[in-house]
Amino acid sequence: MRPAHLIAAAGAVVASLSLLSACGKDDAAGGGSGAISVTATDSSCEVGTKSGTAGATTFKVTNKGSQVNELEILAPDGKIVSERENIGPGTGAEITVTLAAGTYKVMCSAGMTGKGPSQSFTVTGKGKATDPRLDAAVASYRTYVGEQVDDTLAKAKKFAASVSKGDIAGAKAEFAPSRVGWERIEPVAESFGDIDPKVDNREADLKQGDKWTGWHQIEKALWKTKSLKGEGPYADQLVKDLETLKTRVGTASITATSMANGAKELLDEVATGKVTGEEDTFSHTDLSDFKANVDGAQKAFELLKPVVQERDADLASDLTDEFAKVQKLLAKYEKGDGYVSYDTVGKDQRKELSDEVNALAEPLSKLAGVVAK
């Protein structure tokens with residue numbers, strides 16, 4: 001989740017992505033006339049119906065407010081089932097989710113604060129049997145998520161040790177690698193709500209009275225203040241928070257549609273933070289995060305691809321081609337084991353990256369609808 005002022009800073013990139021997901025007759029991601037309407041304003045969230053049947057459900061949200069909004073579907077235990085961010089004023093979007101029986105909350109969050117008005121949505125019935133290939137994809141993705149959490153935790157421990165020792169050079173070298181696993185599975189990590197702001201808040205995300213912890217607090221110390229004095233406790237807390245993530249991640253609600261929606265969310269992360277250079281403001285290691293987001297999105301697609309290929313061969317082909325184009329473009333900026341500093345990437349080069357992200361985001365926005373058929 002990113003606050004609204006960052007969306008404004010993203011400019012044309014976010015505008016393009018909002019338009020790509022705007023509600024219209026040609027982009028119904030598994031919804032169309034069967035979609036449940038949601039009208040969001042700065043202070044309300046009106047859902048067209050209060051109940052539905054188990055299985056694939058599409059929500060079609062229209063933002064009639066003055067702020068950027070996001071739609072969150074919250075499970076009975078409060079975890080985020082799925083979300084659609086960056087819904088600009090006067091635009092709309094669709095999100096398709098797979099829901100089991102239970103009472104959910106449909107929440108609209110003006111300003112993308114993670115808080116806002118909500119309505120209950122009750123789901124009944126058992127839903128249709130799932131394709132065993134999708135069940136296998138979900139199982140494989142759970143394994144992948146666990147591996148990424150283990151990777152980021154191990155590297156974060158190494159990073160934290162360097163911070164505690166006051167080893168600035170070592171900590172700088174370990175900063176970006178320690179974030180890769182996290183960035184690959186960020187939508188799953190965000191589903192727990194409290195961990196994301198603790199480990200990944202940027203200075204611009206903070207509100208009055210907030211305590212700043214996590215990677216970016218230490219990033220500022222490394223690259224701006226250039227001192228690690230007093231940073232040891234922050235490094236220790238980062239590790240503790242990631243250890244908490246490790247204990248929780250096995251309980252995450254993951255479905256084939258949430259995998260597809262998560263892939264789209266990762267592309268939105270690229271557009272609103274990485275392409276604009278706002279993610280790693282001090283270290284300029286944005287391209288490392290960019291690559292991790294794309295890799296995570298591509299992993300979800302590749303696991304779902306056998307089903308997508310059967311149901312919509314053109315979409316499978318388009319996504320395969322567009323992922324390859326983005327990866328090829330990113331490869332131009334490789335340097336050693338990492339990437340060039342993003343402050344050396346010029347305006348025209350950033351536009352080229354933005355255009356490729358937009359080209360991938362358009363077909364990726366259709367993935368959940370195809371998976372839910």
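This is a predicted model: local features need pLDDT of at least 70, side-chain atom pairs count only at pLDDT 80 or more; totals for chains, interfaces and linings use all residues.
**Pro306.** I then placed Pro306 in helix H10, which covers residues 286-311. I also checked Pro306 against Leu134: the two are 172 residues apart in sequence, yet their C-alpha atoms are 9.0 Å apart in space.

**Helix H7.** Next I looked at helix H7, residues 215-225. Is this helix enclosed or open? I found 8 of its 11 residues buried, so H7 is largely enclosed by the rest of the structure. The buried residues are Trp215, His216, Gln217, Ile218, Glu219, Lys220, Ala221 and Leu222. I asked what covers them, and the cover includes helix H3 (132-165), helix H4 (168-184), helix H6 (195-200) and helix H8 (232-248). After H7 comes Lys226, and I noted a positive phi for Lys226, near 60°.

**Helices H11 and H12.** I turned to helix H11 (residues 313-331) and helix H12 (residues 347-364). Their axes come within 9 Å and cross at roughly 160°. That angle makes H11 roughly antiparallel to H12, because angles over 145 degrees are counted that way. I recorded the crossing of H11 and H12 as left-handed.

I then listed who meets whom. On the H11 side I have Leu315, Asp318, Leu319, Glu322, Phe323, Lys325, Val326 and Leu329. On the H12 side I have Glu352, Leu353, Glu356, Ala359, Leu360, Pro363 and Leu364. Sorted by class, this contact of H11 with H12 holds 10 nonpolar and 5 charged residues, with no polar ones.

I moved on to the strands and traced an open sheet of 4 in the order E2-E1-E4-E7, with mixed pairing. Its edge strands are E2 (45-47) and E7 (92-99), each pairing on one side only. The twist from one strand to the next averages 25°. Inside this sheet I looked up strand E1 (residues 36-40) and strand E4 (residues 55-63), which run parallel and are joined by 5 bridges. Ile36 stands opposite Phe59 in E4.

**The sheet of 5 strands.** Another open sheet has 5 strands in the order E3-E9-E8-E5-E6, and its pairing is mixed as well. At its edges stand E3 (51-53) and E6, each with a single partner strand, so one side of each has no neighbour in the sheet. I read an average twist of 20° from one strand to the next.

I followed E3 to strand E9 (residues 118-124): the two run parallel, with 3 bridges between them. Here Gly52 stands opposite Val123 in E9.

Glu72 stands opposite Glu83 in E6. E5 and E6 form a hairpin with 5 residues between them, and Gly78 in the turn has a positive phi of about 90°.

Last, I asked how many of the residues of E6 (residues 80-87) are buried. The count is 8 of 8, and I noted E6 as mostly covered.

How values were computed
Residues are numbered from 1 along each chain as its sequence is written. Side-chain values use heavy atoms; hydrogens and water are left out. Axes are lines fitted to C-alpha atoms, for helices over the stretch in contact, and angles run from 0 to 180 degrees between N-to-C directions. Angles under 35 degrees count as roughly parallel, over 145 as roughly antiparallel, 65 to 115 as roughly perpendicular and the rest as oblique. A crossing is left-handed if the near helix is turned anticlockwise from the far one by less than a right angle, and right-handed if clockwise. Contact means heavy atoms within 4.5 Å. Ala, Val, Leu, Ile, Met, Phe, Trp, Tyr, Cys and Pro count as nonpolar, Asp, Glu, Lys and Arg as charged, and the others, Gly among them, as polar. Two strands pair if DSSP finds at least two bridges between them. Buried means under 20% relative accessible area, exposed over 50%, partly exposed in between (1.4 Å probe, protein chains only).
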